[in-house]
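This report describes one protein chain for a reader who is new to structural analysis. Please consult the sequence and the structure while reading.

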Amino acid sequence: MGDDPTINKEQLRFILETAGPESEQYKKFKEVFDLEDRDLIGLHDPSQITELKRTYLEDKFDLDRQLYQKEKEYGTAVSGLGSAAGKTLFDIKRSTELAAAKSGFGGGGISSMMGSKATGEVLSDLRSKKKTLEEGLTGIRSGIVSDLSDVRSAYRQDIGDYWDQITGEFYDRLPTDS
């Protein structure tokens with residue numbers, strides 16, 4: 001900062017946010033501007049920052065919880081698909097073995113071929129349904145990630161607006177050269 005008494009809002013905000021009221025930078029700032037009774041920290045209300053942060057964290061937590069719930073629902077759905085497919089595959093195997101035993105041809109023939117075809121169809125259907133679920137979850141994740149980004153941006157904007165207000169009030173209180 002040097003001995004130059006000009007300072008912009010961003011520099012003032014930087015001093016307050018990083019150095020604090022006990023820093024040499026802030027003390028020099030007060031000395032240059034003769035701010036005995038015009039303490040900028042008196043304008044700052046930490047509870048407002050705390051409230052902005054609390055709101056941000058609550059919004060973020062809600063979105064994280066939504067994502068967790070959707071991923072849990074996805075896992076349950078995939079598990080259900082797998083269980084149903086497994087049961088169907090077991091039924092196909094049992095039917096194929098029963099048909100082979102009745103025909104007297106062992107493990108070959110038409111019944112074996114029909115069992116293989118049915119197994120392929122079940123697995124293909126399982127893959128298709130799982131892909132549909134994955135696409136749905138990907139869309140949900142995308143939306144929530146976008147919402148999280150919006151929440152973060154809004155928080156940063158709110159913090160910036162707060163400090164702009166504080167520095168604006170400070171500059172309004174400075175004596176003018178009249």
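Accessible areas come from the Shrake-Rupley method with a 1.4 Å probe. By this method, the accessible surface of the protein chain comes to about 12100 Å², and carbon and sulfur atoms account for 54% of that surface. The model under discussion is predicted.

**Overall organisation**

The protein chain contains four helices and zero strands. Read from the N terminus, its elements follow the order α-α-α-α. Of the 178 residues in the protein chain, 22% are buried. Among contacts between residues at least 6 apart in sequence, 81% join residues that are at least 24 apart.

How high is the mean pLDDT of the protein chain? The mean is 79, and 69% of the residues reach 70 or more.

**Helix H3**

Helix H3 consists of 58 residues. From its first C-alpha to its last, H3 reaches 85 Å, which is close to the 86 Å expected at 1.5 Å a residue. Several residues of H3 are buried, including Leu-63, Leu-67, Tyr-74, Leu-81 and Ile-92. Ala-100 is also placed in helix H3. With a relative accessible area of 9%, Ala-100 lies under the 20% limit and is therefore buried.

**The nonpolar core**

Which residues form the largest nonpolar core? This core has eleven residues, among them Leu-63, Leu-67, Ile-144, Leu-148, Val-151, Ile-159 and Ile-166. H3 and H4 each supply at least two residues of the core. The most is given by H4, with eight residues. The aromatic residues Tyr-56, Tyr-155, Tyr-162 and Trp-163 also belong to this core.

**Aromatic pairs**

A pair of aromatic rings is described by the distance of the centres and the angle of the planes. A search of the whole structure finds two such pairs. In the pair of Tyr-56 and Tyr-155, the ring centres are 4.6 Å apart and the planes meet at 20 degrees, so this pair is stacked. The pair links distant parts of the chain: Tyr-56 is in helix H3 (residues 46-103) and Tyr-155 is in helix H4 (residues 110-173), 99 residues apart. Tyr-56 is buried, because its relative accessible area of 15% is under 20%.

Why is the pair of Tyr-162 and Trp-163 edge-to-face? Its ring centres lie 5.3 Å apart and its planes stand at 75 degrees, which is over the 60 degrees required for that description. Tyr-162 and Trp-163 are both buried.

**Residues separated in sequence**

Helix H4 includes both Lys-117 and Phe-170. Are these residues buried or exposed? Lys-117 has a relative accessibility of 51%, and therefore counts as exposed, since the limit is 50%. Phe-170, at 2% relative accessibility, counts as buried.

| Residue pair | Separation in sequence | C-alpha to C-alpha distance |
|---|---|---|
| Lys-117 and Ile-92 | 25 residues | 10.0 Å |
| Phe-170 and His-44 | 126 residues | 9.9 Å |
| Ala-100 and Ser-112 | twelve residues | 7.3 Å |

In the pair of Phe-170 and His-44, the C-alpha atoms are 9.9 Å apart in space, while the two residues are 126 residues apart in sequence.

Terms used. Residues are numbered from 1 along each chain as its sequence is written. This is a predicted model: local features need pLDDT of at least 70, side-chain atom pairs count only at pLDDT 80 or more; totals for chains, interfaces and linings use all residues. Side-chain values use heavy atoms; hydrogens and water are left out. Rings of Phe, Tyr and Trp (its six-membered ring) pair if their centres lie within 6.5 Å; planes under 30 degrees apart count as stacked, over 60 as edge-to-face and the rest as tilted. Buried means under 20% relative accessible area, exposed over 50%, partly exposed in between (1.4 Å probe, protein chains only). The expected span of a helix is 1.5 Å times one less than its number of residues. Contact means heavy atoms within 4.5 Å. A nonpolar core is a set of buried Ala, Val, Leu, Ile, Met, Phe, Trp, Tyr and Cys residues joined through side-chain atoms within 4.5 Å. pLDDT is the predictor's confidence in each residue, from 0 to 100.
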